[in-house]
Amino acid sequence: MYAEHDLRAVGAELAAFLLAADCAGCDLRGTLLCGSCRAALAPAPRERRTPGGLTVLAALPFEGVAARCIRRMKGGGDTMLVRPLGAALSTMLHPVLADGARAVPAPTTRGAFRRRGYRVPELLIRGAGAAPLRVLGETGRRSDQRGLGAGERVENMRGRVRARRSGHGARAVIVDDVITTGATFDECARALSEAGYEVVCGIALAATPRHGGV
């Protein structure tokens, strides 16, 4: 067990860290996420349809505070943002899981995992209080999706995802951090369906208001 002085030292280090931090949503000093920006992460559900016809439910628009927080989590390593972001995701995810589906994270490229040291969709699922079913993997190298148009994203993802094991009729919901064109969701759905999973829908933390880069 920690001695009392050890606990005080940990508390002092955490306080110093917070004082040196700035809000991910508005840059206010002394906090990782201020009250106003935390409130801006209240779910604002929206529905999208992929080119392949899959329904994807998103908790937030990829803009403003939500976009800044997601970028900080992905590019800045601020994994403490997983808790408030996961809370937003949970409002969309848990009603689907309550019907017996499993949360399947979209696969993370090897390069992205090397840069970050974690897989964003899996982290968000755990932050939402669910257990990820890590069954999808990539079959080879692909270009970064950022900066690609809708058709280019489809071609870039085609045949790049595989299921590691058969589903035998298990129900699955695909989870990713952001939906842009829906190409990633369609490729994941294809791989899962071919492996014998019943794909219920997709769930995204955020949806871009237009086809742009993340």
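**View 1. Strand 6 is mostly covered in this predicted model.** Helices (H or I, at least four residues) and strands (E, at least two) are DSSP runs, numbered from the N terminus. Residues are numbered from 1 along each chain as its sequence is written, and side-chain values use heavy atoms, leaving out hydrogens and water. Local features need pLDDT of at least 70 and side-chain atom pairs count only at pLDDT 80 or more, whereas totals for chains, interfaces and linings use all residues.

**View 2. An open sheet is formed by 5 strands in the order 1-2-7-6-3.** The pairing is mixed; two strands pair if DSSP finds at least two bridges between them. Strand 1 (46-49) and strand 3 (102-105) are the edge strands, each with a single partner strand, so one side of each has no neighbour in the sheet. From one strand to the next, the twist averages 30 degrees (axes are lines fitted to C-alpha atoms, for helices over the stretch in contact; angles run from 0 to 180 degrees between N-to-C directions).

**View 3. Strand 6 (residues 171-179) pairs with strand 7 (residues 198-207) in the parallel sense.** The pair is joined over 8 bridges. Valine 175 lies opposite isoleucine 203 of strand 7, and valine 173 has cysteine 201 as its bridge partner in strand 7. Helix 3 (residues 64-75) packs on the sheet and touches strand 2 (55-61), strand 6 and strand 7, contact meaning heavy atoms within 4.5 Å. The direction of helix 3 makes about 100 degrees with that of strand 6.

**View 4. Alanine 103 sits in strand 3.** Strand 3 runs parallel to strand 6, joined by 4 bridges, and proline 105 stands opposite valine 175 in strand 6. Alanine 103 counts as buried, at 1% relative accessibility. Not counting residues up to four places away in sequence, alanine 103 touches Leu93, Leu97, Ile125, Ala131, Pro132, Leu133, Val173 and Val175. The C-alpha atoms of alanine 103 and isoleucine 203 are separated by 9.0 Å, with the two residues 100 apart along the chain.

**View 5. Helix 4 has a kink of about 45 degrees, centred on serine 90.** The bend at a residue is the angle between axes fitted to the seven residues ending there and the seven starting there. Among the buried residues of helix 4 are Leu89, Ser90, Leu93 and Leu97.

Key:
Buried means under 20% relative accessible area, exposed over 50%, partly exposed in between (1.4 Å probe, protein chains only).
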